[in-house]
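Me: Please take a close look at one part of this model. Start from a single residue, then show me what surrounds it and how the rest of the structure is put together.

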Amino acid sequence: MSDATEANGTAGEAEVAEPGRDTAKTTEGTEGGVGRHVRVVLVDDHRMFRTGVQAEIGQTARTGVEVVGEAPDVDQAVAVITRTRPEVVLLDVHLPGGGGVEVLRRSAALMADPEQPVRFLALSVSDAAEDVIGVIRGGARGYVTKTITGSDLIDSIFRVQEGDAVFSPRLAGFVLDAFASTDAPPVDEDLDRLTQREREVLRLIARGYAYKEIGKQLFISVKTVESHVSAVLRKLQLSNRHELTRWATARRLV
């Protein structure tokens, strides 16, 4: 979600529970479904967000969800996932170290395991088509935004565990459109110059958000927003936010 400088700590932040592959598959939970149990890893670079998700879904006796590990960046995510072998990974799209797509790439063998596949559900603040399509092409089984309710998130986790594809309603159309055509999408060299975080800031600027609002939405400081805007303007050779808005609108990024 945020730059490594904005995350509440990175190195050494991953938390891991022992795999416990013999853990019983039944619980007394009702919200997650009587008799259902799923082992989950949380991957997000905001400690406070991970803590909130853990509090919302991780009461195993009630929800059936057992959080067995968490990580704030790509390297630690791959290490935790490899060690714990969860059934589902809640994966943020924008992470230090290469983003959610890199986690998926490095976890390909785990996803392909015929006996104990690790499945991924993207959970992100971004609702951009390129983010959705990118992680789905990378192997994620679904994509939901962080506006999702706790009960719906629990239901989505269990559905992904069972092999279903799960999307927030608005996002499903992006996937259908992307895979309906056999033609590869054109490469936008200008857009490729931007980092994933810069694309997020660009999109919000184009939608008319003030710097303070962008900072609140992305959990970063106003100073960091300003730095990203300056970088975007420099890379795209634009002069101000009005030109930036026109640029983004012309490419249907708003």
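Reply:

Glu198 counts as buried, at 6% relative accessibility. (Buried means under 20% relative accessible area, exposed over 50%, partly exposed in between, with a 1.4 Å probe and protein chains only.) The model is predicted: local features need pLDDT of at least 70, side-chain atom pairs count only at pLDDT 80 or more, and totals for chains, interfaces and linings use all residues. Residues are numbered from 1 along each chain as its sequence is written, and side-chain values use heavy atoms, without hydrogens or water.

Which residue does the side chain of Glu198 meet in a salt bridge? The partner is Lys235, at 2.8 Å from N to O. (A salt bridge puts a side-chain nitrogen of Lys or Arg within 4 Å of a carboxyl oxygen of Asp or Glu.) Lys235 sits in helix H12 (residues 222-236) and Glu198 in helix H10, so the bridge ties together parts 37 residues apart in sequence. (Helices, H or I of at least four residues, and strands, E of at least two, are DSSP runs numbered from the N terminus.) Lys235 is partly exposed, at 26% relative accessible area.

H10 gives the most, four residues. The space is about 30 Å³. (A cavity is a set of points on a 1 Å grid over the protein atoms alone where a 1.4 Å probe fits but cannot get out; lining residues have an atom within 4 Å of a point.) By class, this lining has no nonpolar, two polar and five charged residues.

The whole structure has two cavities of 30 Å³ or more. Helix H1 (47-57) supplies the largest share, three residues. E2 and E4 each supply at least two.

Val43 and Leu91 also belong to the largest nonpolar core, which has 26 residues. (Such a core is a set of buried Ala, Val, Leu, Ile, Met, Phe, Trp, Tyr and Cys residues joined through side-chain atoms within 4.5 Å.) Elements giving two or more residues to this core include strand E2 (38-43), helix H3 (74-84), strand E4 (88-91) and helix H6 (129-138). H3 gives the largest share, five residues. A second, separate core of 20 residues includes Ala206, Val225, Leu244 and Leu253.

Val89 is among the core residues with the most contacts. Beyond its neighbours within four places in sequence, Val89 is in contact (heavy atoms within 4.5 Å) with residues including Val41, Ile81 and Phe120.

Ten salt bridges are found in total. One of them joins Asp75 to Arg106, with the closest N and O atoms 2.9 Å apart. Asp75 lies in helix H3 and Arg106 in helix H4, 31 residues apart, linking distant parts of the chain. Arg106 is partly exposed, at 37%. Another bridge joins Arg105 and Glu102, at 2.6 Å from N to O. Both lie in H4, three residues apart, about one turn of the helix. Arg105 is exposed, at 56%.

Notes:
On a 1 Å grid over the protein atoms alone, a cavity is a set of points where a 1.4 Å probe fits but cannot get out, and a pocket is an open set with protein on both sides within 12 Å along at least five of seven lines; lining residues have an atom within 4 Å of a point. Grid points are joined across faces, edges and corners, and a volume is the space filled by probe spheres set on the points. Ala, Val, Leu, Ile, Met, Phe, Trp, Tyr, Cys and Pro count as nonpolar, Asp, Glu, Lys and Arg as charged, and the others, Gly among them, as polar.
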